[in-house]
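Hello,

Here is the model I said I would pass on to you. Please open it next to this message, and then read on for what turned up.

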Amino acid sequence: MIRRPGALIAVGIVLALGAAACGTSSNTSTSGSGITFAAPVSQTGAFGQAEGLYTLQGYKFCVQTLNAKGGIQYGGSSHQVTLVTQDDQSVSATSAQIVDQYNDKSYKLILSPYGSGATTAVAPVAERNGQVLVDSNGADTAIFTHGYKNTFAVLSPSSTYVTTIIDTLAGLNPAPKTVAIIAANDGFSQHSADTGVKEAQAKGMTVVPSATAYTSSTKVAANVTDVSSALIAIKGTNPDVIIISAHLNEAVAAIKQASELGVKPKYGFAATVAPPTPAFISALGTKSEGVIGSTQWVPEISASDSIFGSAKQFLTNFTNTFGWSATQYPYQAADAAAACEALALAIQKAGSADPAAVRTALAGLSADTFYGHIQFDSTGMNTTKPMYAIQIQKSAFVTIYPSNLASTPAIWPAIAA
Amino acid sequence: MTQFAQAAAYGVVQGGLLALVAVGFSLVWGIMNVINLSHGAFAVMGAYIAWLLNQHFGLDPFLAIPIVAVAMFAFGYVVQRGLINLVVNAPIFLTLLLTFGLSLVILNILQLLFTADDRTIDTSYASQSFVIGTVNVPYGRLGAFFLAIVITFALAALMTRTRLGHAIGATGMDRGAARLMGIRARHIYAVTFGIATALAGVAGTMIATVGSFNPTTTPGQLTLDAFVISVLGGLGNMYGALVGGLLLGIAESIGGLLLTGTWVNAIAMAVLIVTLIIRPSGLIGKAQYGGRVEV
């Protein structure tokens with residue numbers, strides 16, 4: 001018999017404490033006419049190793065660049081920016097708590113955490129507190145259905161992730177006739193899959209094993225490393241392409257396990273946010289070759305601004321600062337820098353760091369930046385910016401969609417017959 | 001039917017991998033009454049050693065297993081003699097805290113050395129499979145499955161047919177009596193902990209071969225898996241981890257197919273609860289381990 005039943009409870013408590021103990025925080029106070037941008041960003045937990053890190057680096061790079069250029073100019077003087085960050089441990093509720101604590105410290109200008117889940121949790125807190133939230137990496141359109149007035153997202157919404165993949169696939173030769181969609185059980189991934197299914201059907205593709213499978217048999221828990229149940233459900237349907245609407249862990253697992261289970265798409269794999277991240281290549285090695293991914297930003301776009309310069313200059317300076325390869329850049333950092341830039345432009349436009357004035361300025365912002373055009377609709381979404389697609393070729397991100405930005409033709413079919 | 005057969009086959013080989021993760025954890029818990037929360041960290045250490053050997057010398061992970069096992073055995077032996085032994089008589093909360101703290105130290109060092117990126121040992125065969133009818137059986141997980149069986153039987157033979165095994169068993173049952181028989185309990189505990197640490201390293205090598213690992217999310221999951229499987233299989237029987245791992249692997253795989261993948265964790269916990277209600281000592285655990293004497 002197992003001795004000391006209390007030990008079971010104790011283990012549970014200690015394991016739970018483990019997650020909490022991993023957190024770190026860094027607070028920096030502002031001085032004089034400085035402005036504080038505050039951001040709860042994942043530095044540990046499911047997103048801490050990759051997406052949260054990239055987001056944090058984007059914010060840091062933006063603030064460094066802004067300050068190096070003299071800070072934000074208004075009222076005839078220059079205002080240096082201080083970035084305050086705290087680890088949300090990849091827990092949405094913690095993100096919301098941190099933003100509430102920021103309000104207690106009078107930090108009213110908030111940059112979002114990584115991910116739709118955390119941003120969904122943070123947005124109502126910012127709204128209640130009169131804080132202004134600029135969303136860099138929360139793409140779920142559900143965030144913008146609540147009538148929030150203080151939340152603005154620079155990135156394209158979740159509805160465009162899988163649809164961009166479908167549009168990319170439709171332009172390839174041979175174009176797939178059947179696709180299977182694995183989707184994680186989170187709002188962003190499910191919504192992306194939902195609009196993707198509709199786009200696939202509109203392009204004449206058949207979704208297997210069924211159009212609603214992403215809500216049942218091919219749905220997997222978020223952030224897991226075993227997606228065998230979804231792959232077994234696909235087995236036998238022989239799709240031309242398998243699309244994974246999920247984050248890094250699920251996408252890595254799907255591609256590794258597909259090979260093990262003999263689930264081999266005829267042409268190749270595609271995924272939403274995972275392929276355009278360096279961690280995807282390091283986790284999969286050669287198995288990442290040929291995988292297509294939708295992305296918010298590519299350096300080939302002809303866009304520039306006075307802070308970061310051109311898209312290519314942003315890439316060079318950012319990758320040099322943080323030691324990334326110029327061919328394996330995390331696009332989430334560009335999202336983050338763009339959110340930070342939008343906030344700075346709004347302050348400049350408002351001539352004040354007062355949150356109400358900044359909120360009004362953001363609502364009317366129309367700016368061309370290194371990231372593309374930033375302009376918010378009445379719900380706070382930036383629907384003016386398109387999405388792009390990359391393919392991993394020889395461990396490098398190669399832009400393949402839209403065709404006018406394609407630096408190298410797609411290798412297709414990506415999987416040898 | 002094809003999908004059911006595929007899920008069952010995958011569940012069996014996945015169960016072997018899970019058993020491999022749990023066998024060392026179960027051994028230490030059963031013999032030393034220490035719930036080693038650093039077990040997952042040890043497994044990840046082993047994974048990094050195998051990964052380094054593969055990256056720098058091109059050594060196949062299966063060939064790296066002896067090196068990983070020896071290195072991890074030595075590490076485990078030293079950790080037990082220098083650290084765990086200090087609290088082996090202390091209340092269980094203290095051993096939990098110590099092993100948890102040790103885990104944090106190890107994982108933070110690993111993160112400093114290797115970053116938090118996911119790593120994998122890329123082989124030509126681990127992700128490939130052979131086909132029986134319409135069922136694919138992955139080579140990598142099958143290798144881990146056979147490894148789990150070989151290790152379990154070897155461990156059972158060690159425990160029942162060698163003087164060392166008898167000494168370990170005796171120390172686990174009644175440390176005071178074992179001492180009176182001339183057994184050096186401290187050394188036996190260190191050997192036991194060393195064996196468990198080596199087995200964790202072997203499990204980590206297999207995890208790195210068939211999947212991916214990192215120092216942030218992998219260790220906690222492995223420790224939790226090992227804990228659940230040990231409780232499920234029961235302590236005091238060298239086959240407990242194997243039985244528990246196989247049951248969990250099959251239940252998760254078939255349950256995931258029938259109820260969708262989002263129910264996998266709930267299925268695992270349901271199996272655990274039902275098993276504990278029916279057999280509180282685990283599937284094949286020995287009840288006498290609940291009444292042993294410690295002096």
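This is a predicted model: local features need pLDDT of at least 70, side-chain atom pairs count only at pLDDT 80 or more; totals for chains, interfaces and linings use all residues.

Chain B first. Its secondary structure consists of eleven helices and two strands. How does the radius of gyration of chain B compare with that of a compact globule? The two agree, because a compact globule of 295 residues would come out near 19 Å and chain B has 19 Å. Burial in chain B stands at 57% of its 295 residues. As for contacts in chain B with a separation of 6 or more, 78% of them join residues 24 or more positions apart.

One helix pair in chain B may be worth a look in your viewer. Helix 9 (residues 218-233) of chain B packs against helix 10 (residues 240-259) of chain B at an angle of about 110 degrees, and their axes are 7 Å apart. That angle makes helix 9 of chain B roughly perpendicular to helix 10 of chain B. The crossing of these two helices of chain B is right-handed. On the helix 9 side of chain B, the contact is made by Val228(B), Ile229(B), Ser230(B), Leu232(B) and Gly233(B). Helix 10 of chain B brings residues including Gly240(B), Ala241(B), Gly244(B), Gly245(B) and Leu248(B). By type, the residues of this contact between helix 9 and helix 10 of chain B are seven nonpolar, five polar and no charged.

Now to the two chains together. In the interface, 42 residues of chain A are in contact with 48 residues of chain B. Among the elements of chain A that each supply at least two residues to the side touching chain B are strand 11 (219-220), helix 7 (228-234) and helix 8 (248-260). Which element of chain A gives the most to that side? Helix 1 of chain A does, with seven residues. The side of chain A that touches chain B divides into 20 nonpolar, 16 polar and six charged residues.

Finally, helix 5 (residues 161-170) of chain A is largely enclosed by the rest of the structure, because eight of its ten residues are buried. Those buried residues of helix 5 of chain A include Tyr161(A), Val162(A), Ile165(A), Ile166(A) and Leu169(A).

Best wishes

Terms used
Residues are numbered from 1 along each chain as its sequence is written. Chains are lettered from A and ligands numbered from 1 in the order in which they are written. Helices (H or I, at least four residues) and strands (E, at least two) are DSSP runs, numbered from the N terminus. The radius of gyration is taken over C-alpha atoms; the globule rule is 2.2 Å times the number of residues to the power 0.38. A residue is buried if 20 or more other C-beta atoms lie within 10 Å of its own, exposed if 12 or fewer, and partly exposed in between; C-beta atoms are placed from the backbone. Two residues are in contact if their C-beta atoms, placed from the backbone, lie within 7 Å. Axes are lines fitted to C-alpha atoms, for helices over the stretch in contact, and angles run from 0 to 180 degrees between N-to-C directions. Angles under 35 degrees count as roughly parallel, over 145 as roughly antiparallel, 65 to 115 as roughly perpendicular and the rest as oblique. A crossing is left-handed if the near helix is turned anticlockwise from the far one by less than a right angle, and right-handed if clockwise. Ala, Val, Leu, Ile, Met, Phe, Trp, Tyr, Cys and Pro count as nonpolar, Asp, Glu, Lys and Arg as charged, and the others, Gly among them, as polar.
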